[in-house]
Amino acid sequence: MLKRVDIVGNPNLGVFILTTDDMAIVPYTLLDEKADIIKETLDVDVVKSSISGSSLIGSLAVANSNGIVVSPHVLDREIEQFEKLGLKVATLPGQYTAVGNIIAANDNGAIVSPFLEEEAIEVIEETLDVDAKSSSIVGSDIIGSLITVTNKGFLMSNQAVNSEINFAQEVFGVEGDIGTVGKGIPLVGACVISNSNGAIVAKDSTGPEMARVEEALGFLDDDF
């Protein structure tokens, strides 16, 4: 299912919400009616939480079906909650807190910012049970903000070149494409929440942008 709707009051859905094929982790402040839209569209359980006491969950963590890597400033009660959800939890070593901004991952692989040290990459690989590859995208290190990826496909910034698309296909093990949302926003990772069941995009997204999201994320054969 694909929807264009205002969830958090601004286009940056992916900054506040973290999704996998099984669950969506959303801020405590998210209205129940908005949580219900996420539950229906992505066919997931919705869990209200925080990361480091913050509502910026999507920026401070990355997850797949195997685990979740979070900001080093995560609170003990948050770790306990995620472990009770059946997730393997690890904090990212080093000084970087915006984990979701610098890592993009599905169940097959991860692309991480090139400034991450080997220790951090090893934690990502072990926790998410994937191989991680370091690379910038369109000359930028904010990988997680530039890509939204699922186990069916990926959408990356419209500024990406063919070699970057091919690299992402090799890492993630799925096909994808470039595009924008919200009338030209290239930060699709920050402005889309998605999984293998569906996606929600920024409210101002145009029809052509929606069509590109649908194709890139592998939903053309699904019933909408």
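Predicted model: local features only at pLDDT ≥ 70, side-chain atom pairs only at ≥ 80, totals over all residues.
Residues are numbered from 1 along each chain as its sequence is written, and side-chain values use heavy atoms, with hydrogens and water left out.

I then looked up the rest of the setting of S205. A polar atom of its side chain lies 2.7 Å from the backbone oxygen of A202. S205 sits in the loop between β15 (198–201) and α10 (207–216), where helices (H or I, at least four residues) and strands (E, at least two) are DSSP runs numbered from the N terminus. At 3% relative accessibility S205 counts as buried, which means under 20% relative accessible area, with exposed being over 50% and partly exposed in between (1.4 Å probe, protein chains only). Leaving aside residues up to four places away in sequence, I found S205 touching R4, V181, G182, K183 and M210, with contact meaning heavy atoms within 4.5 Å.

Next I turned to helix α8 (residues 162–172). Which residues of α8 are buried? They are E164, I165, A168, V171 and F172. Seen down the axis of α8, these buried residues fall within an arc of 130°, so they line one face of the helix; the arc is that of the directions from the helix axis to the C-beta atoms. On the other side of α8, I noted N162, S163 and E170 as exposed. The cover over the buried residues includes β8 (103–105), β9, β10 (131–134), β11 (147–149), β12 and β13 (176–179). Just after α8, G173 takes a positive phi of about 70°.

I then checked the aromatic rings and found two aromatic pairs in the structure, a pair being rings of Phe, Tyr and Trp (its six-membered ring) with centres within 6.5 Å, and planes under 30 degrees apart counting as stacked, over 60 as edge-to-face and the rest as tilted. Y96 is in the loop between β7 and α5 (99–102) and F115 in the loop between β9 (109–112) and α6 (118–128), so the pair ties together parts 19 residues apart in sequence. Y96 is partly exposed at 27% relative accessible area, and F115 is partly exposed at 29%. For F154 and F172 the centres are 5.8 Å apart and the planes at 55°, so this pair is tilted. F154 in strand β12 (residues 154–157) and F172 in α8 are 18 residues apart. F154 is buried at 0% relative accessibility, and F172 is buried at 0%.

Last, I looked at strand β6 (residues 67–70), where G67 and V69 on one side and I68 and V70 on the other are all buried. Strand β5 (residues 61–63) pairs with β6 in the antiparallel sense over three bridges, where pairing requires at least two DSSP bridges between two strands.

How values were computed: Polar contact = N/O pair within 3.5 Å; in protein donor to acceptor, adjacent residues only side chain to side chain.
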